[in-house]
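Let's take a walk through a protein model together, one stop at a time. Keep the structure open beside you and look up each residue as we get there.

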Amino acid sequence: MSFGFTVDGDSSRNDAIRQKDEALLATLGYKQEFKRAFKPLEVFGIAFSIMGILPSIASVLFFAIPNGGGPAMVWGWLVASIFIMFVGIAIAELASAAPTSGGLYFWTYSLSSPRWKNVLCWTVGYSNTIGSIAGVASINWGCAVQIMAAASIGSNGTFSPTSAQLFGVYAAITISHAFTCCLGTSILARLQSVYVALNMLLCLAIIIALPAATPHEFKNSAKVALWDFVNANGYPNGYAFIMSFTAPLWTICGFDSAVHISEEASNASIAVPWAIVCAIGISGVLGWAINMSLAFCMGGDLLTLISSEQPMAAIFFNSFGHKPTLVIWSFVVLVQYMMGSSFLLSASRQSFAFSRDSALPFSRWLYRMNSYTKTPVNTVWFVATFATALGLLVFAGPQAISALFSLGIIGLYYALAVPIAARFLGTNDFKPGSFNCGVLSLPIAVTAVLFMTFMSVVFLFPTTPTTSVENMNYTIAIFGGVMALSLIYYYFPVVGGVHWFKGPVANIEPLSDSASTGSFNEIRQKDEALLAALGYKQEFKRAFKPLEVFGIAFSIIGLLPSIASVLFYAIPNGGGPAMVWGWLVASIFILFVGISMAELASAAPTSGGLYFWTYSLSSARWRNVLCWSVGYANTIGSIASVASIDWGCAVQIMAAATIGSKGSFTPTSAQLFGVYAAIVISHAIICCLGTAVLARLQTVYVILNVLLCLAIIIALPAATPREFKNSAKVALGDFYNSNGWTDGYAFILSFLAPLWTICSFDSSVHISEEASNAAVAVPWAIVNAIGIAGILGWAINMSLAFCMGTDLAALNESEQPMAQIFFNSFGEKPTLAIWSIVVIVQYMMGSSMLLAASRQTFAFSRDSALPFSSWLYRMNSYTKTPVNTVWYDAILSIALGLLVFAGNQAINAVFALSVVGLYFAYAVPIAARFLGDNNFKPGPFNCGVLSLPIAIIAVLFMSFMSVVFLFPTTPTTSVEDMNYTIAVFGGVMVLSLLYYYLPVVGGVHWFTGPVANVEASSSDSASGSFSGEKKGDARVDTIDA
């Protein structure tokens, strides 16, 4: 029987999510008053758009430049970003357990000891409200300053705004935001996607264009940009460096905004915490890249920059000139304007929640929902009025208005720190939600609270040791004054809050705790019910948490080792321009592929995903043969990926040996094969371990990957001698083509480097049956892995392009081009130390890839499609892992390594084989979704009307690149330099089709697609993604599970 996707259950799936959200909110004591219109991407969008990386950095650059210059901008950002991530993770855990608009004060009350819970809840609520309003004010003030900076640039510096003019523009901006935030929830939600897109495009444009456009006289050396500490404020250097943290702390702030729209978010207990963590992580990486570009391109006259009306505008003016700066600045202003709109939206929800619990003056008036827009219009104007009033500080001097920035941080940091601390210090029975860090929660929380406490004290001090009325830091007066007034209001005789405030007030009869999202049993049952709806029984232990599902895809991508393994494709096919621009172009297309796959993974998360989706989505006439072909392509591509990763690891080990021998050692093919086989066998042993052990390893792999990438991005430009440094023209513009193809085709050939690096993200699909909350965790793992890898990989390639010298022929002829670049920059011993870490990370990649490949093989053998399926489809009774498929894939991977004896091009075909095999397996189900005869119903992750154009772009790109990678690397070919991809891939695919069409015993006579091994659930309630129709022919399974 056919088993297809159904569309008539789409509303029931959405209803199920909505009911779960409403049930959880009712468990917290609140009725559903908002429309839940924010999808997960839009929840991320509000946090990310409020951060508004480039405009935010522009608004607070005056904190970083005088307190260290380039080193403070680069290293200060990096240090602060790491600590901010600790804060974000700690808050995300609370948000997952209790997602409500008044989250911070609600958590404080729920987690604190009875003696202190009322007053702490009160002070946190006021601190959060004040901090949010100050955040609105500071963002809008920055926008007003940037508008005036544009006016100053447009007038060639003749116009200098007065305080009254600045205030007038500021007030107009705030009022216009208030009108925007009175719109309906659906409109406000959709706007966040626009804000995210513009933010990302602006950041990437500046990161790319600024180094390319900056004249030589404004370019700084690595020593100046990264090490020459400029201290213009008079404090000791150490304290000045800490003061520079204001820039990243104010920029990567306001992430509690995702919490405040919890009651408008779909699947809030998952969407909100991941929105917080992803927004901080992506902003940290992008912001670091922007600061690096600025530090290298702002010239040496920092005092002039400090004295300018807008330092970043001055940098752009020096680099781009008058008219281009005006165009760029208009986009900066537009994005900053969008930031303020999002922050006012968030702040109004916090005020609405606090008034719902009767804590604010005029709460009865504030706690009203507009009957037409279903939004809290009164709280929107309440926040806008107070934000406008804060702008009057401009008339007290520049330091007074600058206090808004510190006020926003301190107010929010107090509100963030108290509930985090209360979780561990208070009297409570905290139950984690779906996002939690287990035993790491306590040390993360301790680090977060200590950091916020320390920085809050620092930001109460004036910016210079010599103070006056004009340059006093008004933060302590404003924040302290408002907090003192709130406490006076609380303890006021007779009418004070102490006499009537009892914390959050339930406006609905609370449900039993069984509806809470903190129940892991509920998540597990939902996962198992969804798998049963797909026709499979639960055989694996679901030990992979969302971070670990992301981890397997990200660790397999393994940026730096992967780039090292395929750098020989980029250098001879364009050099620096191919590495930088080729990576950028390819990454964008790869993201389209990932999004299309993520939509399918969200609808049907199963280990054999690709061939399962193909069968379910294809027309009846073609579904069996396409399912068979995709299954074999995916299996072959996965095994080829194992082979290519481990071969790269073997080459890197031998490169280390060559460096250690000062070039006297050159490995033979037999030696390379021996090391390669040993690596594969050791990976097979690791992959036979229990699921829980394999899951925990992914976190270690991710941390090492990220640390290695950041270390190289930072250290390489700093350490490279002048003779190996390239100008922007050489690194980004001089196209080097040594392979003989035309430049255009050579540039396309260079795509193999990013395509092989950012590949095998289907690994997250193959561990779906071991993942917790798979329908959400798997698609987001795919998209996040591709996005983060794209950004970090681009930064690595940029560093390499600027630091690899001009003798690219020598690099290409070396045993390992990246090892040679490191040797030229760092010298022998540091290179060996770095290279040992590169080898370790590459080794980890191979382990994760073999794990994913074994799960694909297990799934395909479960459906009886592989030779020896009855032997392969066995679960080890002790480890509960498919040991047989692990060794099956390992043996085939070793066999592929024998291609080394056919020449370099033969073994290099393994790299292209992995891409071509996987791209065929990716493209068919994506195309079948729209071309086949099916009733596809999206899962929690979906792009709505954009799904079709994204899928078209993805399929066309994969089809084109698959053809490209079948051609030889040079137009003049021989037996030695032939591209064996077409022979290997084509041969295996032909053999699989011969096996399918073989008379009497071929698959055409018995293969009917995926085979159910459990009675498919008749209810669609498990996920709403599929009908309960049975697939294939059910069988009685006697395998020990």
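Let's begin with Phe386, which counts as partly exposed because its relative accessibility is 44%, and that falls between the 20% and 50% cut-offs. Before going on, keep in mind that this is a predicted model.

A search of the whole structure turns up 53 aromatic pairs. For Phe382 and Phe386, the ring centres are 4.9 Å apart and the planes sit at 50 degrees, so we call the pair tilted.

Ile133, found in helix α6 (residues 117-154), touches Val383, Phe386, Ala387 and Leu390, if you leave out residues up to four places away in sequence. Is Ile133 buried or exposed? With a relative accessible area of 7%, Ile133 is buried. For a sense of scale, pick out Leu584 as well: Ile133 and Leu584 are 451 residues apart along the chain, and their C-alpha atoms are separated by 38 Å.

Now for some other aromatic rings. Tyr919 and Tyr922 form an aromatic pair too, with 5.8 Å from centre to centre and 45 degrees between the planes, and this pair is tilted. They are 3 residues apart in helix α40 (residues 904-931), so about one helical turn lies between them.

Lys117 lies over the face of Tyr109, 4.7 Å from the ring centre. Arg623 does something along these lines with Tyr615: its charged end sits over the ring, 4.9 Å from the centre.

Next stop: how helices pack. Two packed helices are described by the angle between their axes and the distance between the axes. Take helix α24 (residues 559-570) and helix α37 (residues 828-862): their axes come within 8 Å and cross at roughly 95 degrees. That angle falls in the range from 65 to 115 degrees, so the two helices are roughly perpendicular to each other. Which residues of α24 and α37 meet? On the α24 side they are Leu560, Pro561, Ser562, Ala564 and Ser565, and on the α37 side Trp835, Val838, Val841, Gln842 and Met845. Sort the residues of this contact by type and you get 7 nonpolar, 3 polar and no charged.

α24 has another packing partner, helix α36 (residues 817-826), with the axes 7 Å apart and an angle of about 110 degrees. These two are therefore roughly perpendicular to each other as well. From α24, the contact uses Leu560, Ile563, Ala564, Leu567 and Phe568, while α36 brings Pro817, Met818, Ile821 and Phe822. The residues in this contact divide into 9 nonpolar, no polar and no charged.

Staying in this part of the model, have a look at Thr831, which is found in helix α37. Its relative accessibility is 0%, so Thr831 counts as buried. Setting aside neighbours within four places in sequence, Thr831 is in contact with Ile659, Ala819, Phe822, Phe823 and Phe826.

Our last stop is the backbone. Most residues other than glycine have a negative phi, and most peptide bonds are trans. Phe362 has a positive phi, near 65 degrees. Where is Phe362? This residue lies in the loop between α16 (322-356) and α17 (363-366), and it is exposed because its relative accessibility is 62%. Phe868 also has a positive phi, near 65 degrees, and is placed in the loop between α37 and α38 (869-872). With a relative accessible area of 62%, Phe868 is exposed.

Technical notes:
Residues are numbered from 1 along each chain as its sequence is written. This is a predicted model: local features need pLDDT of at least 70, side-chain atom pairs count only at pLDDT 80 or more; totals for chains, interfaces and linings use all residues. Side-chain values use heavy atoms; hydrogens and water are left out. Axes are lines fitted to C-alpha atoms, for helices over the stretch in contact, and angles run from 0 to 180 degrees between N-to-C directions. Helices (H or I, at least four residues) and strands (E, at least two) are DSSP runs, numbered from the N terminus. Angles under 35 degrees count as roughly parallel, over 145 as roughly antiparallel, 65 to 115 as roughly perpendicular and the rest as oblique. Contact means heavy atoms within 4.5 Å. Ala, Val, Leu, Ile, Met, Phe, Trp, Tyr, Cys and Pro count as nonpolar, Asp, Glu, Lys and Arg as charged, and the others, Gly among them, as polar. Rings of Phe, Tyr and Trp (its six-membered ring) pair if their centres lie within 6.5 Å; planes under 30 degrees apart count as stacked, over 60 as edge-to-face and the rest as tilted. Buried means under 20% relative accessible area, exposed over 50%, partly exposed in between (1.4 Å probe, protein chains only). A charge sits over a ring if NZ of Lys or CZ of Arg is within 6 Å of the ring centre and within 35 degrees of the ring normal.
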